[in-house]
Amino acid sequence: QVQLVESGGGLVQVGGSLRLSCAASGRTFSNYAMGWFRRAPGKDREFMASISWSGGRTYYADSVKGRFTISRDRAKDTVWLHMNSLKPEDTAVYYCAAARTMYGGAERYKDDDYAYWGQGTQVTVSS
C-alpha cells in the first residue's frame, strides 16, 4: 500500500518551533516534487511549501516565507517542514503530498499538482 506518513505535530506555544516529517511507504517518491499543505478549522486546504524532485529548489506561500523551511533527503525518502516563530493562525492539520509526475520543479502550489496525500498531522499553537 502506497502511503505518505506525516509525524511531528503537536501542541506548541506561540513563537515556538516544530519539525514535521513525511516518510514514504510502499513505494519511493525520491524522484517526485513534494509539497506541504494545511487545513485550518473551517477553511479550505492551502499550500504551504514545495520542493523540487532534486531538492535544489523550493517554493513557499507568502504567509510562511521566512518562517517555514522545506527540505528533503532523497536517500531516506523523507521530507521535512521546519516551522519557526509559530502563530495561533498556524493551527491546522498539515499534509504532505507527492506530485503527479516525476522530475518536477518546485513551483507546484495547487492541489491538482499532487496525486498522493498523507493522512495529516495536527499542529496546535497556543497563546
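## Stop 1: S63

Select S63: leaving aside neighbours within four places in sequence, S63 is in contact with R38 and M48 (contact means heavy atoms within 4.5 Å). S63 sits in the loop between β6 and β7. Strands here are DSSP runs (E, at least two residues), numbered from the N terminus. At 38% relative accessibility, S63 is partly exposed. The scale: buried is under 20% relative accessible area, exposed is over 50%, and partly exposed is in between (1.4 Å probe, protein chains only).

A note before going on. This is a predicted model, in which local features need pLDDT of at least 70 and side-chain atom pairs count only at pLDDT 80 or more, while totals for chains, interfaces and linings use all residues. Residues are numbered from 1 along each chain as its sequence is written, and side-chain values use heavy atoms, with hydrogens and water left out.

## Stop 2: R38

Step across to R38, in strand β4. Is R38 buried or exposed? R38 is buried, with a relative accessible area of 4%. Show its side chain together with that of Y94: the two make a polar contact at 2.9 Å. A polar contact is a pair of N or O atoms within 3.5 Å; within protein, one must be able to donate a hydrogen and the other to accept it, and residues adjacent in sequence count only if both atoms are side-chain atoms.

## Stop 3: the nonpolar core

Select M34, W36, F68, I70, L81, M83 and Y94. Of the 34 residues in the largest nonpolar core, these touch the most other members. Such a core is a set of buried Ala, Val, Leu, Ile, Met, Phe, Trp, Tyr and Cys residues joined through side-chain atoms within 4.5 Å. Colour by strand: β3, β4 (32-39), β5 (45-51), β7 (68-73), β8 (78-83), β9 and β11 (121-126) each give two or more residues to this core. The largest share, six residues, comes from β9.

Centre on F68. Not counting residues up to four places away, F68 touches R38, M48, Y60, L81, H82, M83, N84, L86, D90 and Y94.

## Stop 4: the disulfide

Show C22 and C96. They form a disulfide, with sulfur atoms 2.0 Å apart; the cut-off is a pair of cysteine sulfur atoms within 2.5 Å. The pair links distant parts of the chain: C22 is in strand β3 (residues 18-25), C96 is in strand β9 (residues 92-102), and they are 74 residues apart. A search of the whole structure finds one disulfide. The torsion about the S-S bond is about 55°, so this disulfide is right-handed. C22 counts as buried at 1% relative accessibility, and C96 counts as buried at 1% as well.

## Stop 5: the rings

Now show the aromatic side chains. How many aromatic pairs does the structure hold? There are 10. Rings of Phe, Tyr and Trp (its six-membered ring) pair if their centres lie within 6.5 Å; planes under 30 degrees apart count as stacked, over 60 as edge-to-face and the rest as tilted.

- F29 and Y32: centres 5.8 Å apart, planes at 75°, so the pair is edge-to-face. Both residues are buried.
- W53 and Y103: centres 4.9 Å apart, planes at 85°, so this pair is edge-to-face. W53 lies in the loop between β5 and β6 (58-60) and Y103 in the loop between β9 and β10 (114-117), so the pair ties together parts 50 residues apart in sequence. W53 is partly exposed, at 27%.
- F37, F47, Y59, Y109, Y114 and W117: one aromatic cluster.

R45 lies over the face of W117, at 3.7 Å from the ring centre, and over the face of Y95, at 5.7 Å. For this, NZ of Lys or CZ of Arg must be within 6 Å of the ring centre and within 35 degrees of the ring normal.

## Stop 6: T91

Finish at T91, in the loop between β8 and β9. Its side chain reaches the backbone nitrogen of V125 at 2.9 Å. The backbone oxygen of P88 lies 3.0 Å from a polar atom of the T91 side chain. Beyond four places in sequence, T91 touches A40, P41, Q122, V123, T124 and V125.

Conventions. Helix = DSSP H or I, 4+ residues; strand = E, 2+ residues; numbered from the N terminus.
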